[in-house]
Amino acid sequence: MKYALIGCGRISPNHIMAAKNNGLEIVSICDIDPKCMDDKVRKFDLPNSVKLYTDYKEMLTAEKPELVAVATESGLHADIAIDCINAGCNVIIEKPIALSIKDADAIIAAAKEKGVKVCVNHQNRFNKSIQKIREAVDKGRFGRLFHGTAHIRWARDWEYYSRAKWRGTWAQDGGCLMNQCIHNIDLLIWMMGGEPMEVMAYTDRMKHDYIEAEDLGIAVVKFANGSYGIIEGTTNVYPKNLEETLYLFGEKGTVKAGGASVNKIEEWAFSDALDNADEVKAAFCENPPSVYGFGHTPLYADVLNAIENDREPLVTAEDGKKALEMVLAIYKSAAEGKPVQFPLTECDTLDFSGRFDHE
């Protein structure tokens, strides 16, 4: 299958390796900075047949790829993805799917009209630990789920933000919740039934006065099935990334996924005693070299299978919208100082421009 990558920044190596690991024919890569492309060609020993473009529209017309990954700054995801969809391409969109409800809806509508598959790159769903926990949810081993918690306790400094000026801006990114924390927010929604009713939240910019958006977010969510969720996300941890954890508490089970990026099962207790906790912890433990984990390769495999068998991928555009909607609802609740109801009909990161400028 002919594959192209748009955006050759920080996350692009994971996409290139996932494409190579799945035997995709990489026909082209695209970035507005030729040096970024040259760097990827050299590091990944891409063949001379791979064409380099600084204009993705020209690339789409000339190369006609069947699958395109969009890994640009977040604020460009929607426009580029829709152009790819209208060109007849299946698309993998780096998280978040977009920065507004309107744009997410436009992606979903375009994909349905053109009959192509769209996957949002929430690769942590493919962690061995997360797959095992989801299996327990699907089998009803928790009984009634009471509440779940998502904690993202990471560190980001001036060097990180200075390397890409779009980071931390309302127009192209958002803050820690939209960028770093949205993966675990996706997992919490997925595990807890997928239908939030209401959220009450606080956000603040406590340390990074050189960005526009938040570096701390705390929220309580009520789901339609009567369960609750707690979200805590920050990039203020000293001196380095501490953990990303997901807890699930049910009437018949308690589970904790931890490690750098929910890649380890650290607690596993069920009343049915169907398995040995120590054996589960040992078997479902990964130690990735970075917080990006090992999920890109299986996510790509799932998308290819979805295309070949005309089914929905595990992470759909609608799933991507749910994670986006949660972050936007948290922003809205924090800005207005009151609970926010779901669904959101309209909301955009730009609605919060100037939120912390008085500080």
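A residue is called buried if its relative accessible area is under 20%, exposed if it is over 50%, and partly exposed in between, as found with a 1.4 Å probe on protein chains only. The structure is a predicted model, in which local features need pLDDT of at least 70 and side-chain atom pairs count only at pLDDT 80 or more, while totals for chains, interfaces and linings use all residues. Residues are numbered from 1 along each chain as its sequence is written, and side-chain values use heavy atoms, with hydrogens and water left out.

Valine 262 has a positive phi of about 45 degrees and counts as buried, because its relative accessibility is 0%. Valine 262 lies in the loop between β12 (253-258) and β13 (264-270); here helices (H or I, at least four residues) and strands (E, at least two) are DSSP runs, numbered from the N terminus. Aspartate 310 also has a positive phi, of about 50 degrees, but is exposed, with a relative accessible area of 60%. Its place is in the loop between α11 (296-309) and α12 (317-336).

Cis peptide bonds were found as well. One runs from lysine 95 to proline 96, with omega near -15 degrees, and proline 96 belongs to the loop between β5 and α5 (101-114). Another joins phenylalanine 342 to proline 343 with omega of about 0 degrees; proline 343 is in the segment after β14 (340-341).

Strand pairing was examined next, two strands being paired if DSSP finds at least two bridges between them. An open sheet is formed by six strands with parallel pairing, in the order β3-β2-β1-β4-β5-β6. Because β3 (51-53) and β6 (118-121) stand at the edges with a single partner strand each, one side of each is left without a neighbour in the sheet. Within this sheet, β4 (residues 67-70) and β5 (residues 90-94) run parallel and are joined by four bridges, with valine 68 opposite valine 91 in β5. Strand β7 (residues 145-153) pairs with β11 (residues 243-250) in the antiparallel sense over eight bridges, and histidine 147 has phenylalanine 249 as its bridge partner in β11. Strand β7 is also joined to β10 (residues 228-234) by seven bridges, in parallel; there glycine 148 has glycine 229 as its partner.

Rings of Phe, Tyr and Trp (its six-membered ring) pair if their centres lie within 6.5 Å, and planes under 30 degrees apart count as stacked, over 60 as edge-to-face and the rest as tilted. The structure holds nine aromatic pairs. One of them, between tyrosine 160 and tyrosine 161, is edge-to-face, with 4.9 Å from centre to centre and 85 degrees between the planes. Tyrosine 160 is buried at 6% relative accessibility, and tyrosine 161 is buried at 7%. A charge sits over a ring if NZ of Lys or CZ of Arg is within 6 Å of the ring centre and within 35 degrees of the ring normal. The charged end of arginine 156 sits over the ring of tyrosine 160, 5.1 Å from its centre, and that of arginine 167 sits over the ring of tyrosine 160 at 4.1 Å. Elsewhere, Phe142, Trp268 and Phe270 form one aromatic cluster.
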